[in-house]
Amino acid sequence: MKRHEKARNFKQVNTSVTKIDALQLALGKDSYVADFVPNDALIIKMLWSPHAHARIKKLDVSKAEKMPGVKAVLWYGNVPRIAHCTAGQGFPEPSPYDTFMFDKKVRFVGDRVAAVAAETEEQALAALEVIKVEYELLKPVFTLDEAMAPGAPVIHDEAEAHVPIPIPYEPKKNLVAHVACEAGSFEAGLKQADFKFDHTYETPYAQHCPIEPYTSLAQIAPSGRIHITTSTQVPFHCRRIVAKTLDVPVQKIRVVKPRIGGGFGCKQEILLDDVTAMFALRTGRACLWQFNREETFRTGRTRHPFRIRLQAGVKKDGTITAINMEAINNTGAYGGHGLTVVSCAGSKVLPLYHCENIKFDGKSYYTNLPVAGAYRGFGATQAFFAMESLMDQMAEAIGMDPMKFRQINHIREGEGSPIFAALGEGREGTPMTVGSNALAECIVQGAEAIKWQDRKDWRGKTGRYRRGMGMACLMQGSSIPDIDMGAASIKINDDGSFNLLVGATDLGTGSDTVLAQIAAEELETATDKMIVYSSDTDLTPFDVGAYASSTTYLSGEAVRKAAADAKRQILHTGAEMLGLPVEQVRCEDSAVISADDKHRVTYGDIAKYSLYQKNQYQIIGTASHITKKSPPPFAAHFAEIEVDTWTGFIKVLNYVSTIDCGTAVNPQLAEGQTEGGTLNGISYALTEEYLFDRDGKMQNASFADYHIYSMRDRPPLNIILVPSYEDTGPFGAKSVSEVSINGAAPVFANALYNATGARVREFPLTPERVLKAIKAAEKK
Amino acid sequence: MTTTTHTVTFTINGEKKTFATRPDEKLLTLLRREGYRGTKYGCGQGTCGACTVLLDGRATYACLLYAMQAEGRKVRTIESVGTFDKPGEFQKELVAAGAVQCGYCIPGMVMSATALMETEEVFEDEIVKEYMDGNLCRCTGYEKIWVALRKTLDKQASAKPAAKKTAKGAKK
């Protein structure tokens with residue numbers, strides 16, 4: 001039996017069950033944070049820093065406090081000063097504690113100065129107008145070169161800034177994180193090469209742009225506890241970080257995530273909840289804070305801009321003899337993800353191709369620009385642009401088809417990479433060999449769909465409109481091994497339905513549905529028997545949350561184990577009811593059946609018996625899971641584009657996005673993840689970027705000026721799920737959500753070269769940038 | 001709370017109602033305050049379409065319109081389109097196609113599609129895109145939304161007699 005054929009006999013898994021909340025959402029029923037706000041809630045508004053780098057000399061809120069409708073004002077003078085990290089990560093975080101609820105220093109345009117809670121939004125805004133602030137302007141730092149320069153202004157000069165674990169952090173040099181490793185010898189490897197390369201690539205600031213902005217509602221429950229309803233990907237981290245920042249016990253806080261309107265990583269951040277909770281404590285009232293779109297762009301999290309220098313050597317036969325990646329990124333004013341993102345640039349990219357001599361050096365620096373956070377693809381997106389661009393150049397140098405060059409070099413089933421062991425998150429990584437890997441098949445199917453055999457060299461192409469094809473191979477991970485934990489519990493009800501309680505966080509991905517399918521498969525029942533309740537710190541078991549492509553693989557296995565636990569109890573009671581030894585019964589189709597098929601009791605009967613009739617107890621299964629591996633999903637992307645050499649405009653004629661995500665628990669949802677990730681990647685590659693004025697203020701803070709793709713922009717997209725089976729995942733599954741965003745930038749860069757001979761090492765590929773590259777190529 | 005001296009009267013989902021308001025209140029804020037919370041806030045800038053409602057049958061951004069501008073007009077929100085027992089045709093197809101991910105954009109999409117279906121007689125792709133272009137989605141890549149919409153429109157077109165091929169009232 002071929003590996004992927006193991007998935008053949010599943011009944012609930014590998015089936016496109018209807019997403020359980022789809023109709024509720026399509027009808028517009030109350031679902032999101034803002035739908036649960038009492039009409040008398042106070043409205044919070046923030047005074048944001050207009051300066052990129054300044055010290056607050058004087059801050060006077062006395063007039064604001066007396067304004068009509070104002071119930072409270074928060075500023076550094078009246079809140080606890082506790083250094084913390086806003087990133088929702090494992091604890092202790094591999095990240096600097098460099099943030100305060102409010103500080104005397106502002107570090108980017110859009111940093112917090114003071115907040116008002118008032119009866120109406122208009123009153124809150126009016127109160128902001130009368131807050132008096134005197135700033136002492138400091139020299140800002142806007143570029144990596146400025147941040148790294150000797151004697152550069154120090155962005156975090158506060159005494160409290162520190163990382164809670166022993167890893168490199170030098171705020172006096174604006175250095176947020178530094179990781180380095182070497183396997184084999186880069187220098188020695190380079191000497192064996194017939195061709196050597198040394199290029200530098202730049203990637204832009206970009207944003208997630210969920211349609212629901214960040215929203216947080218805090219209320220004081222009748223018990224006096226703080227009840228936070230928030231658009232978060234990390235409810236348990238939210239509870240921990242808010243408790244720390246407010247200096248209140250974790251026990252006093254409940255965090256609930258209702259449905260949320262998209263996240264893509266930006267809601268892995270505790271950006272609002274400390275303030276809403278503090279206002280609720282101060283006023284005893286329900287307090288709502290919702291970012292508007294401009295605030296979401298300026299203060300919300302972004303994708304880390306990277307500068308990546310890649311050096312490599314290749315032999316004429318296609319052997320890659322040496323790779324050196326030097327990745328430097330800009331974390332903006334705070335460093336929450338500085339270490340992890342740069343680690344992922346190496347760890348999710350360098351293992352893809354065979355090479356015995358790999359060196360990696362990654363650094364993150366502070367600047368006085370907007371703060372970068374977790375964004376789908378997380379470091380891999382940026383590094384794949386460099387790696388996959390260089391792969392094409394290496395192939396051209398040795399005169400090999402770039403697809404064939406990738407085919408002879410990519411990692412196979414059963415192979416490891418020294419990088420897996422060398423690069424972890426704040427510590428060494430976890431050695432791993434790749435289990436499931438259908439990349440070879442992804443390439444074959446993708447090439448066929450795009451008609452790769454028709455690809456022609458750019459040198460023969462003439463005329464205004466020139467067509468080109470490009471490709472890229474990609475991988476990601478599934479969870480952070482030995483660090484992430486997910487847990488679940490599952491209990492039976494009178495009628496044989498089940499409550500599935502998970503800490504895992506569905507941010508629109510459909511994970512509640514996927515986890516219900518996994519539970520139903522294990523329990524031999526139907527997915528619609530599952531009542532899923534997720535992400536409530538009072539009621540559901542712990543889960544680190546939705547990030548690092550972990551939910552299906554990690555939380556899914558916790559669910560499977562919890563369901564297996566419940567199933568053991570069901571078998572026990574079913575056997576008791578049938579008067580048979582437990583070895584002589586089995587579960588099938590929501591019933592316990594005797595081995596001879598003659599006797600059966602349904603789950604409803606078993607539940608009623610166990611709850612009401614004899615030897616009563618609650619059938620309830622519970623389990624936790626940590627992972628020992630982070631199996632990569634693999635993908636091969638292909639595109640054909642048409643370049644207008646007069647205007648520089650790129651038209652995407654066809655885009656093929658293949659993916660190996662192991663067993664697709666829900667193929668329709670897996671396709672949806674792949675379609676969404678791919679189009680987001682296309683939009684990022686072609687149009688999306690932050691534009692700043694000379695004072696560091698983001699200039700295009702609206703969807704009118706920061707364009708994300710619309711239905712009209714959407715090019716022909718061909719999604720191909722290529723099956724495989726990951727033995728360590730629930731029913732063969734691994735992750736699906738992130739990897740697809742990594743492809744478009746290198747695919748288009750390679751296609752542009754194939755069309756015109758112009759090689760770009762930065763994007764987005766706006767007409768201006770493309771035209772400049774074409775002109776530069778023509779001069780050569 | 002501030003005292004309100006202004007009112008606005010309009011037909012909401014077929015029912016004529018009078019609401020207290022202020023001259024600077026947006027229609028979106030009024031609707032959500034009055035319980036029509038299926039209409040979402042996404043940008044407040046008239047660019048994302050999450051707040052799309054129908055104003056006299058035309059798709060309109062409720063975040064840009066002042067509530068008092070709706071005086072005497074007919075407003076329709078997502079609440080008028082379907083229920084759990086009887087979802088609208090497009091809503092049914094969206095669910096079947098797996099087109100609802102986070103779902104935040106979906107009510108707006110449904111309203112724009114409603115305007116399309118109730119205004120146009122032929123549903124060529126270009127006309128459809130014209131109507132739907134003002135509704136942004138970040139989750140789906142629009143693939144499954146498109147599939148669901150095309151299915152809905154094709155069904156409706158085959159149920160109707162053939163008509164002339166012109167776009168009547170695409171959203172400005």
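1. In this predicted model, the largest nonpolar core comprises 309 residues. The members that touch the most other members are Ile44(A), Phe279(A), Cys287(A), Leu500(A), Ala519(A), Phe748(A) and Leu752(A). Helix α10 of chain A, residues 380-398, gives the most to this core, contributing 10 residues. In soluble globular proteins, nonpolar side chains tend to be buried together.

2. When its neighbours within four places in sequence are left aside, Ala519(A) is in contact with Ile490(A), Phe498(A), Leu500(A), Met530(A), Val559(A) and Ala563(A).

3. Chain B is divided into two parts: domain 1 spans 6-77 and domain 2 spans 89-159. Their C-alpha centres lie 22 Å apart. Contact between them involves 14 residues of domain 1 of chain B and 14 residues of domain 2 of chain B.

4. On the side of domain 1 of chain B that touches domain 2 of chain B, the elements giving two or more residues are β3 (52-55) and β4 (58-61) of chain B. The largest share, three residues, comes from β3(B). By residue class, this side of domain 1 of chain B divides into six nonpolar, six polar and two charged residues.

5. As to confidence, the predictor gives the complex an ipTM of 0.96 and a pTM of 0.97. For chain B, the mean pLDDT is 93, and 91% of the residues reach 70 or more.

Methods
Residues numbered from 1 in each chain as written. Chains lettered and ligands numbered in written order. Predicted model: local features only at pLDDT ≥ 70, side-chain atom pairs only at ≥ 80, totals over all residues. Core = buried A, V, L, I, M, F, W, Y, C linked by C-beta atoms within 7 Å. Buried ≥ 20, exposed ≤ 12 C-beta atoms within 10 Å, placed from the backbone. Helix = DSSP H or I, 4+ residues; strand = E, 2+ residues; numbered from the N terminus. Contact = placed C-beta atoms within 7 Å. pLDDT = per-residue confidence, 0-100. Domains from an automatic or database assignment. Nonpolar A, V, L, I, M, F, W, Y, C, P; charged D, E, K, R; others polar.
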